[in-house]
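Dear colleague,

Please find below the structure I promised to pass on to you. My notes on what was found in it follow directly after.

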Amino acid sequence: MEICTYPDPVLRRKAEPVGKVDEGLRKLCERMVETMIRADGVGLAAPQIGVSKRIIVLDVDGEFHILINPELVSTSPETEEFTEGCLSVPGVSATVKRSAEATVEGTTLDGSKVRITGKGLLARAIQHEIDHLEGRLFIDRLSPARRESIRKEYERNRREKK
Ligand code: NI
């Protein structure tokens, strides 16, 4: 399963809510988990494999979650700055300011509701993956000057790869 990379328009779309959990949805989640593990990521959102649906998977410090229709229910006013990257914007990273703590609610594959509160990397991953469902990328959270320099570095890397 290939990962969609910036500037693929699917990464900019607001993802659609998921209806009922069926076999197709289970397969999709399985593919997302496989793709995340193979890419050595800590999280993945469905739009990153070209599916504009509200599903995220997380794998942070031994905490593993598949969340359907996740909602960010609260974030702490305290923030933290940390280096961040994205499988859809490969080869570049930047310091991004995010809430130090985040709580997400969603549905699991067996239909039960879950609420997860994370700090540190888990809080960051939750906010980063929810951003994907809104069509937002981590580069959008940088200052215009920083974003422009990251974008140039990214374009340069892509040209060199071709
Ligand atoms: Ni990402």
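**The nickel site and its surroundings**

Cys86 counts as buried, since its relative accessibility is 10%, and the cut-off for that term is under 20%. Please bear in mind throughout that this is a predicted model.

Cys86 is one of the residues that coordinate the nickel ion: the donor atoms are SG of Cys86, NE2 of His128 and NE2 of His132, at 2.1 to 2.2 Å. Along the sequence these donor residues follow the spacing C-x41-H-x3-H. The pair Cys86 and His128 links distant parts of the chain, as the two are 42 residues apart. Cys86 belongs to the loop between strand S4 (79-84) and strand S5 (94-99), whereas His128 is in helix H2. His128 is likewise buried, because its relative accessible area is 7%, under the 20% limit.

Gln127 also has its place in helix H2, which comprises residues 120-133. With a relative accessible area of 8%, Gln127 is buried. A polar atom of the Gln127 side chain lies 2.9 Å from the backbone oxygen of Ser99. If neighbours within four places in sequence are left aside, the residues in contact with Gln127 are Leu72, Thr75, Arg98, Ser99 and Ala102.

**The sheet and the helices**

Turning to the sheet, five strands form an open arrangement in the order S1-S2-S3-S6-S7, with antiparallel pairing. Strand S1 (43-45) and strand S7 (113-119) stand at the edges; each has a single partner strand, so one side of each is left without a neighbour in the sheet. On average, neighbouring strands of this sheet are turned by 40° against each other, with direction ignored.

Within the sheet, strand S3 (residues 63-75) pairs with strand S6 (residues 101-107) in the antiparallel sense, over five bridges. In this pairing Ile68 stands opposite Thr107 in S6.

Helix H1 (residues 23-38) lies across S1, strand S2 (55-60) and S3, and runs at about 35° to S2. H2 packs on the sheet as well, touching S1, S2, S3, S6 and S7, and its direction makes about 160° with that of S2.

Yours sincerely

Terms used
Residues numbered from 1 in each chain as written. Predicted model: local features only at pLDDT ≥ 70, side-chain atom pairs only at ≥ 80, totals over all residues. Heavy atoms only, no water. Helix = DSSP H or I, 4+ residues; strand = E, 2+ residues; numbered from the N terminus. Buried < 20%, exposed > 50% of the residue type's maximum accessible area, 1.4 Å probe, protein only. Polar contact = N/O pair within 3.5 Å; in protein donor to acceptor, adjacent residues only side chain to side chain. Contact = heavy atoms within 4.5 Å. Pairing = 2+ DSSP bridges. Axes fitted to C-alpha atoms, helices over the stretch in contact; angles between N-to-C directions. Donors = N, O, S within 2.8 Å, 3.2 Å for Na, K, Ca; no water.
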